[in-house]
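Dear colleague,

I am passing on the structure we spoke about, and below it you will find my notes on what I found. Please read them with the model open beside you.

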Amino acid sequence: MWVGVDCGTQSTKVVIVNPACGSIVAQGQRSHALQEGANGRREQDPQDWVAALEGAFADALAASRLDPQRITAIGVSGQQHGMVVLDEAGVPLHPAKLWCDTETSEHNAALIEALGGEAGCLETLGLVLQTGYTASKLAWLRERHPERYQRIASILLPHDYLNFWLTGERVAEYGDASGTGYFDTRRRCWHQDVFAQIAPELDARRVLPRLIESHQPAGRIRPEIAARFRLCDDVIVSSGGGDNMMSAIGTGNIAPGRVTLSMGTSGTVCAWSADYPADCDPQVASFSASDGGWLPLVCTMNVTSATTRVREMFGFDIATFSAQVASAPRGAEGVQVLPFFNGERVPMLPRAQASFHGLDSRNATPANLCRATMEGASYGLRYALECMGPLGSEARQIRLVGGGAKSPLWRQMLADILGLEVVCPQVTEAAALGAAIQAGWCLGQSGADGQGRHSETLEQLCERLVALDHATLAQPRAEGVAAYRKGYADYRALLASEHGIAAGG
């Protein structure tokens, strides 16, 4: 049995996969709190992740009545970019600053300038720094909390921290590391000169984790963890990765022509590439994949977070909100929303606020406001796909994951707005499934599965374990495509007038 762990912004999920039959035999989930403050501060206590992992794992074991001795590998997926700084004893020095934290926007702007602007970032790192990346968080900590900064012994990402808790090893793999802002995504190594600009007092060779390949294990489980869950003491913990990288594996997005679109709190659009993607918009993060390739990705900050804000503003439950959206016509009778409640990453507007436009005495209804918010979030995802260049324009299918993907109405809306068929995988917890699949791959590559090395390739594992739910398939409809073509043009015009974002980026 293989275990997949997904530590997200709102909760940690655990799935136990039986590779023989390709099914999930048990699941567990525990939530954790988000600490929000002024100026876009969003943090979490890393110990909450540990407690959630322990609870979710225990729940999954109890639900399955599975003999824990049958578990042979564990893989961890984690929210990208978060900064976890540890002292010499491995204790966090500060709450983890998360991917959605925008308190460090000024520090990010200063780093971009120091590297020579967007062109300099691309030349040096292979991507343009974004406020959510780890680099500006470290610069912020150096300025605001110098006493904690000076005590740093290790800088880890969220999934690295959970791997450290499981194994005692301080390692990182290329996919998640490429979202730090001090990793060279072309050469796949820490960029020590850039790190020195961010943290001149720290020795990168000492505080940054050792880099490993995606198919390599992070280590074996610590004896005390094995004893706690009655596991064998030779359980492999895989390299793991960022949630987007694991979702790509969990949706079978490890070959050209496929696009994974996540409709969670935020939205992400990613496409696999065998080579470094040189033809994308500079706003695209040319991350490494967690399978040896590249995973160019665009993140929008406001998807279900935006619809939830408006839903709760009216006091609607999810069913009532959906009914309101369905009752309003396409285009919401002229109401438009730029749903930047959390600022925005792409386009790069970290200090932007949500805005409602076109309201008058006739169209200012809850139904229109609900629909316009969903449409605005969806237009942002089309904007993201267009930034992907040929990788987006040549896509033939969108594989949807995340909470928003559960809505048939939203799936059809996206199919019409994108002009592409969309479909969900049968296993909706794609990041957790991807982590479990990658764990099995690492197990085989290490020879610890008892079958010798290279028993199954990652492609073979995905082909066998990732299945699509054809009942969720939505095809573009001509009437909807035509209506949303105009709606998207209006959205782009609004971006230009309100924020100076012209056509073409």
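In what follows, a residue is called buried when its relative accessible area is under 20%. Please keep in mind throughout that this is a predicted model.

With that cut-off, the buried residues of helix H18, which covers residues 458–465, are Leu 458, Leu 461, Cys 462 and Leu 465. They cover an arc of only 95° around the axis, and therefore they lie on the same side of H18. An α-helix has 3.6 residues a turn, so residues three or four places apart point the same way. As for what this side meets, the buried residues of H18 pack against strand E1 (2–7), helix H11 (243–250) and helix H17 (430–446).

Turning to the chain as a whole, its secondary structure comes to 19 helices and 25 strands. The radius of gyration is 22 Å, close to the 23 Å that the globule rule gives for 505 residues, so the chain is as compact as a globular protein of that length. The C-alpha trace spans about 65 × 50 × 40 Å along its principal axes, and 60% of the 505 residues count as buried. If we take the contacts between residues at least 6 apart in sequence, 73% of them join residues at least 24 apart.

Leu 138, when residues up to four places away in sequence are not counted, touches Met 83, Tyr 149, Ile 152, Ile 155, Phe 195, Ile 198 and Ala 199. In soluble globular proteins, nonpolar side chains tend to be buried together.

Strand E4 (residues 35–37) and strand E5 (residues 41–44) pair over three bridges, and Gln 35 has Glu 43 in E5 as its bridge partner. These two strands form a hairpin with three residues between them, and Asn 39 in the turn has a positive phi of about 65°. On the other pairing, two bridges join E5 to strand E8 (residues 96–97); here Gln 44 stands opposite Ala 96, while Glu 43 stands opposite Lys 97.

Finally, I looked at two loop residues. Gln 130 is found in the loop between helix H3 (117–125) and helix H4 (134–144), and because its relative accessibility is 3%, Gln 130 counts as buried. Leaving aside residues up to four places away in sequence, Gln 130 touches Asn 108, Ser 136, Gln 283, Arg 345 and Met 348. Thr 428 lies in the loop between strand E24 (421–425) and H17, and with a relative accessible area of 45% Thr 428 is partly exposed. Thr 428 and Gly 402 are 26 residues apart in sequence, and their C-alpha atoms are 7.0 Å apart in space.

With kind regards

Note on methods
Residues numbered from 1 in each chain as written. Predicted model: local features only at pLDDT ≥ 70, side-chain atom pairs only at ≥ 80, totals over all residues. Heavy atoms only, no water. Buried < 20%, exposed > 50% of the residue type's maximum accessible area, 1.4 Å probe, protein only. Helix = DSSP H or I, 4+ residues; strand = E, 2+ residues; numbered from the N terminus. Arc of directions from axis to C-beta. Contact = heavy atoms within 4.5 Å. Rg over C-alpha atoms; globule rule 2.2 N^0.38 Å. Pairing = 2+ DSSP bridges.
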